[in-house]
Amino acid sequence: MVFTRVGNSPFFDKNHRRLAVKTVTALINCGADPDDRDASNRSPLHYGAYYGNLDCIKELFTAGRERVDIEAEDLTGWRPIQIAVDQGHARVTALLIKKGA
């Protein structure tokens with residue numbers, strides 16, 4: 001597991017909204033867990049769905065392989081597919097459905 005100076009996964013630093021595909025790949029290649037959870041039990045996939053970051057979601061599935069839990073629920077019971085729909089991200093929603101959500 002890779003951690004930042006304050007002990008959090010690097011997926012959840014203050015810049016997680018702007019994660020670039022290369023950053024996601026590098027984090028996973030360095031040992032970061034693509035299915036890590038924050039204090040609200042949200043995974044990088046939850047945040048990708050919220051922000052509509054289609055390229056990073058694709059990379060989570062590619063680099064993270066089977067380690068990404070597409071059905072993960074946060075503390076409020078929301079899954080990434082529900083978040084993508086709620087935020088109006090049609091392309092993200094379509095990808096998540098294609099991946100089995």
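This passage describes the overall make-up of a predicted model and then one of its helices, H4. In this predicted model, local features need pLDDT of at least 70 and side-chain atom pairs count only at pLDDT 80 or more, whereas totals for chains, interfaces and linings use all residues. Residues are numbered from 1 along each chain as its sequence is written, and side-chain values use heavy atoms, with hydrogens and water left out.

The chain contains five helices and zero strands, where helices (H or I, at least four residues) and strands (E, at least two) are DSSP runs numbered from the N terminus. Of its 101 residues, 40% count as buried, a term that denotes under 20% relative accessible area, with exposed denoting over 50% and partly exposed the range in between (1.4 Å probe, protein chains only). Among contacts with a separation of 6 or more, 63% join residues 24 or more positions apart, a contact being defined by heavy atoms within 4.5 Å.

Helix H4 spans residues 80-87, and its buried residues are Pro-80, Ile-81, Ile-83 and Ala-84. Because these residues cover an arc of only 160° around the axis, they lie on the same side of H4; the arc is that of the directions from the helix axis to the C-beta atoms. In general, an α-helix has 3.6 residues a turn, so residues three or four places apart point the same way. The cover over the buried residues of H4 includes helix H2 (44-51) and helix H5 (90-98), while the face turned away from the buried side carries the exposed residues Val-85 and Asp-86. Just after H4, Gly-88 adopts a positive phi of about 75°.
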